[in-house]
Structures are given as C-alpha cells and as structure tokens.
Amino acid sequence: MWKIKTRYENSLFDYCLIKNSKKENKERLFKFSFNNDSMQLSDLENILKQFKDLEQIEIKDITLIQSDCFTQIEKDEIFIKNIIGSQNSTISDVIKKLGNSDWVKDGKKFLGNDNICPFCQKETIGNDFKRQLEEYFDESYELDMSKLQGNLGSYQDFYNMITANNSFLENYFIKAKKEYELEFHNLYSTLMNGIGKNIESMKEKIKEPSKSIHLQDNNPLFDNLNIFLQKIQQEINQYKIDFENKNQKRKEIKELFWQIMRNNHDDIIKEYENNKNELEKELENVESEIKQSEYIIQENKQKIVELQSQILNIENTVNAINSNLKEMGIVDFFIEKHNENFYRIARENDIKINFKTLSEGEKTIISFLYFLQLCKGKESGDEITNGKIVVIDDPISSLSHNHVFNISQLIHQNCFKQNDDIKQIFILTHNLYFFHEIIHLVVGKKGESKNTKIYRLTKYTNSRIEEIKRGDILNEYESYWHIVIECKNNPQESERYRHILPNTMRNILEYFFAFVNKDKYNEFLKNQASFQCEAFLRYLNRESHSDGENITDFKEMDISKILEDFENIFKKSNNEAHYKKYMRLS
C-alpha cells in the first residue's frame, strides 16, 4: 500500500487514492478479485492525459479525402487510345509507315508562311503539302488532344485541393501517438506519390499522343488512408462522448486503476491472505484458551475468597502493631484481639482503657500503625485486591521530633519495600525535616528518580500546585530568610508577610546566635550601648508572642524600617557577611 501511495500520489492517478487513510485504500484494493483483463495502466493514463490536454484546445473532426473525381479521370480510355491524324490524307501512309506522327505534330508548329522547310531549309514545302498536313491533323485529332489537356488540368486541380499533411499531423489524436503519426505519414506519402506518377504519365501522353498509356488505379490508396482517418475520427467521437460524461468516466478509470493494482500485486496479496487465514485460526484458538483460562481464574478467585473467609485472623496485625510500638519506645499501652475480628487498646494490668486518656500523639501513632497494616492487608475476607493507591497526609502531626525518623522508616518499610499491592503513593507534609528524611529514604542522596515526583502546593487567593525538584526546597532556616528577602525586594509582597515577619526575624536571630555560641540576641544587643534598638526588640517580642496590649499600633509600623534594624543587628555583631550571604547579596 505504501508503494502504491508513493508511486501514484501527485500523478494523474492521485485522485484515485484516498488521502490519509491506509485502511480505506487497503479496503479499496481488496474489494477486487484477480482477473485476466489486458487493460494496462498506460491506457488509462492516455485517457486522463487527453482530458487534461484537450480541455485547453478545440477538437476538430477529421475530413476524409474524396477519390471519385480521381478515379473517373484515371479510368478514361483516352489514355490508352493511339491518337494519330486522319487516314484520308495523302501523307498518312508515309507518316504511318515511318511511325513519326508525334514528330510531325511537333514539327508542324515550325512551318512559316513561306515554302522553306524548317528542317532542311530548302523550298520544299508547298501549299499542297501544307493542306495535306492540315487534313491529317483534323478536328477529331484536336478534340482528343483537348480532352487530354482537360483531364490533366482537372487532375492537377484535384491534387492541389487535397488537405496538406501538416494539417492532419496537427490533429492531437494523430500526433499523440508516434505509431499513428508514422502510419499516417506512410499512407499519405504513398497516395501522393501515386497521384504524382499519374500526372507525369498524362504529360507524356500529351507529348506523344500516339502512345497508349495505363494510369495507376489509386483508389486502394485512398481507401487505406481513409480507413485510417476513420479510425482517428472514431476516437474523436468517443472522446467527445467521454468528455461530456467526464465525471462518470473518471469514476470508471478509478475502478479500473484499483483493478489493475489488484492484478499487478496478486502474488503478495495471495501470500498475505494465506498468512492472515492461518493467523486468524491461531487467534481463534488463543481466544478460546483465554476464555477457558478466564473461567479458571474466576473459579480460583472464588476459591480464594472462600478460603480467606476461613483462615482470616488478626493475630499478625496485632503482633505487627505491638512490635512497632515497642521499637518506638512506647511500652505503656498496646493492642489486643477483642472478640473475633476486632482490636482494643490495653495497658498492663488493666483490661479496659479509655481512648480519651491517650495523648494526641499517641492517638496519631496508633491510628497510623493500624493504617499501615490496612495498606498491607484486607478489611474483609471477600475483598479482592487489584492494586492500591495510598494517601498519607502529614503523619507526624502532633508527634514529637523524635518520632519523625520512626514514622519515615515505617512508611519506607511498609509501603515502598514490602508491598507489591500498592501501585501509587501520595505523601503530604508541612514539615521540612520529615520531607527531607522521607526523600532520603525513598530516592537516596541524589534525590532524583523517574518513579518519584515532588510538588509544592501554595495557598494564596487560589491554591496552586507545581512540580519542583528536591533542590528547590529550602531548609527551615533558609525558608525564614526567604520571607525576609521577599519583604525587602518586593514591598507589595511584604503586606502578605506582615503578621509572620516578627516571628520569622526572631527565629533567625535565635538560631544564628545559638549557632555562633553567643548570648541571646536580645542580651547581646542591649549590651551595645551605642545601638538604639529598644523599639525593634519590643516589636519582635510583642508581635511574635501576640501580646494583648497595643497590638494594632504595631501593625502600622514601617516594614522597611524594621528590615533596616534587622540588618543593623548583623552589622553591629560583625556578621554582615552572613547577612549578605543569606540575603543573596554576594
């Protein structure tokens, strides 16, 4: 199909192809069966070329060459008649004996009014001799000669009236085919030569009337040429009919085109059909096997459900949760089996326990451990697992910092390493430490994996989610600095951070001064007698701790002035380089 497309697109047969549809072209090809039709593509091409070429020119009919007038002259018996003078003349015997009638006729015109012979130049010609010559070449002789002259003139006139060969050769239907052009040339030349020979014979007869001649019968030559011209005219007539029904003819050519394509590619199509039939038989067998296998699978699934309902117990879940609690250092409560398919929380030497007595962190841990077991198991005996999607939303909420590592390890072990039923996991968190820990466990130090993606969810007027890389996530300290940079570089954005800016600055100063082993930043600054920062320190303490007095007054404070005071702290403490580094000024 590709070869057919590439060979015939943008050709005269382009319209036969169905654009941009290999399937429909194939269906068109396979609609036909092989036949022994001798029609060739070149025949169709000639018809289409004619449509294209002849649309631009006027089609003229062929005029046949009439032969009747030529035949009538050629059969005139005057040409076989021996035209001689009167036998009653005294000199007729001498002329007849000598056989020189034509010679005497030619010499007669040289006689003058005197008696001088035009040949011997002596006075041998008398009036009596002249009279005898006139009697010899009498009126009958002159009539025959006049008829010969008339036939020659008419014959030449008819010859000159024959259409010139160039006019015929300009006809599209003759010049379109070299074999037609050659055939016409041979037939036309042969006829013209035959007529030319007869003209020469007539001229000889007039010169020597006494001789008998037979003119060539050119009627067969006329017939041969006219038969050829009639064949051309038939093609012209057929073209006119086809052209009037051009659209229908083009449809017929399209059908013939695909029939020829089918015939030309019969071998490969037969091979294709044989292979297709064999494969279809194999496919039927495979589909039958699949149906049988699906039936067996369904039977086995039902057996599994029945067996699970018989053996389902919660002992493994109880043991796994209690083992995890001990590993996390939680020994003051545990879970135990209650009735057939339930759990309950218990303490040592205490059968019953009030769930409300657990802290928020303990509730979170026990719920999370149960959730992990649920991800690994089933809620009921008849549950069929087809692949799970697990969503874990901030599992360290209300937990102490010590449990971040434990929770991360539990997620990694239970969801990523030991559970093939889980197909996809979503983990959401606000905690940067937990984020870095879980990323480290899942994808390693490089933090890049084709199976793992990281997204940031930002809440403004409308929430927005965007894909990011691990390097885009700042640590907690860098995040505080990021807020300060935003407020300094984008005054309009500072309004958005007005409520958290004091707490942000306080955390930066506390972290930094603790790191460099200095006193608390406020004590350090109070010892700097030359530095007036009481208002700034008061602003940080009041705003970050939400004191109830004069809160609204501080809300109107100049953010730019606060940022300037913040910068001066690092300058006065000889840590300006650190400030510039985290403000990305160097």
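This is a predicted model: local features need pLDDT of at least 70, side-chain atom pairs count only at pLDDT 80 or more; totals for chains, interfaces and linings use all residues.
Local features need pLDDT of at least 70, side-chain atom pairs count only at pLDDT 80 or more, and totals for chains, interfaces and linings use all residues. Residues are numbered from 1 along each chain as its sequence is written, and side-chain values use heavy atoms, with hydrogens and water left out.

Start with the protein chain as a whole. Its secondary structure comes to 26 helices and six strands. Helices (H or I, at least four residues) and strands (E, at least two) are DSSP runs, numbered from the N terminus. The chain has 586 residues, and 34% of them are buried. Buried means under 20% relative accessible area, exposed means over 50%, and partly exposed lies in between (1.4 Å probe, protein chains only). The accessible surface comes to about 38,000 Å². Carbon and sulfur atoms hold 47% of that surface. These areas come from the Shrake-Rupley method with a 1.4 Å probe; for residues, only the protein chains shown count as cover. Now take the contacts with a separation of 6 or more: 68% of them join residues 24 or more positions apart. Contact means heavy atoms within 4.5 Å.

Next, helix 16. This helix spans residues 360-376, and helix 17 spans residues 403-417. The two pack at an angle of about 10°, with their axes 10 Å apart. Axes are lines fitted to C-alpha atoms, for helices over the stretch in contact, and angles run from 0 to 180 degrees between N-to-C directions. Helix 16 and helix 17 are therefore roughly parallel. Angles under 35 degrees count as roughly parallel, over 145 as roughly antiparallel, 65 to 115 as roughly perpendicular, and the rest as oblique. From helix 16, the contact takes in Ile-365, Phe-368, Leu-369, Leu-372, Gln-373 and Lys-376. They meet His-403, Ile-407, Leu-410, Ile-411, Asn-414 and Cys-415 of helix 17. By class, that contact has eight nonpolar, three polar and one charged residues. Here Ala, Val, Leu, Ile, Met, Phe, Trp, Tyr, Cys and Pro count as nonpolar, Asp, Glu, Lys and Arg as charged, and the others, Gly among them, as polar.

Helix 16 also packs against helix 15 (residues 315-327), at an angle of about 135° and with the axes 10 Å apart. That angle makes helix 15 oblique to helix 16. The crossing is right-handed. A crossing is left-handed if the near helix is turned anticlockwise from the far one by less than a right angle, and right-handed if clockwise. Helix 15 brings Thr-317, Ala-320, Ile-321, Asn-324 and Leu-325 to the contact. Helix 16 answers with Ile-365, Ile-366, Leu-369, Tyr-370 and Gln-373. The classes here are seven nonpolar, three polar and no charged residues.

Follow the chain out of helix 16. Gly-387 sits in the loop between helix 16 and strand 3. Gly-387 counts as partly exposed, at 36% relative accessibility. Beyond its neighbours within four places in sequence, Gly-387 is in contact with Asp-421 and Lys-423. Gln-424 lies 37 residues away in sequence, yet its C-alpha is 8.6 Å from that of Gly-387. Most residues other than glycine have a negative phi. Asp-394 is buried, with a relative accessible area of 17%.

Now move to helix 19 (residues 476-489) and helix 25 (residues 559-572). Their axes come within 11 Å and cross at roughly 130°. The pair is therefore oblique, and helix 19 passes helix 25 in a left-handed crossing. Trp-481, Val-484, Cys-487 and Lys-488 of helix 19 meet Leu-563, Phe-566, Glu-567 and Phe-570 of helix 25. Six of these residues are nonpolar, none polar and two charged. Look at Glu-567: it is buried, with a relative accessible area of 16%. Leaving aside neighbours within four places in sequence, Glu-567 touches Lys-488 and Tyr-579.

The loop between helix 25 and helix 26 (576-582) holds Asn-574. Asn-574 has a positive phi, near 60°. At 73% relative accessibility, Asn-574 counts as exposed.
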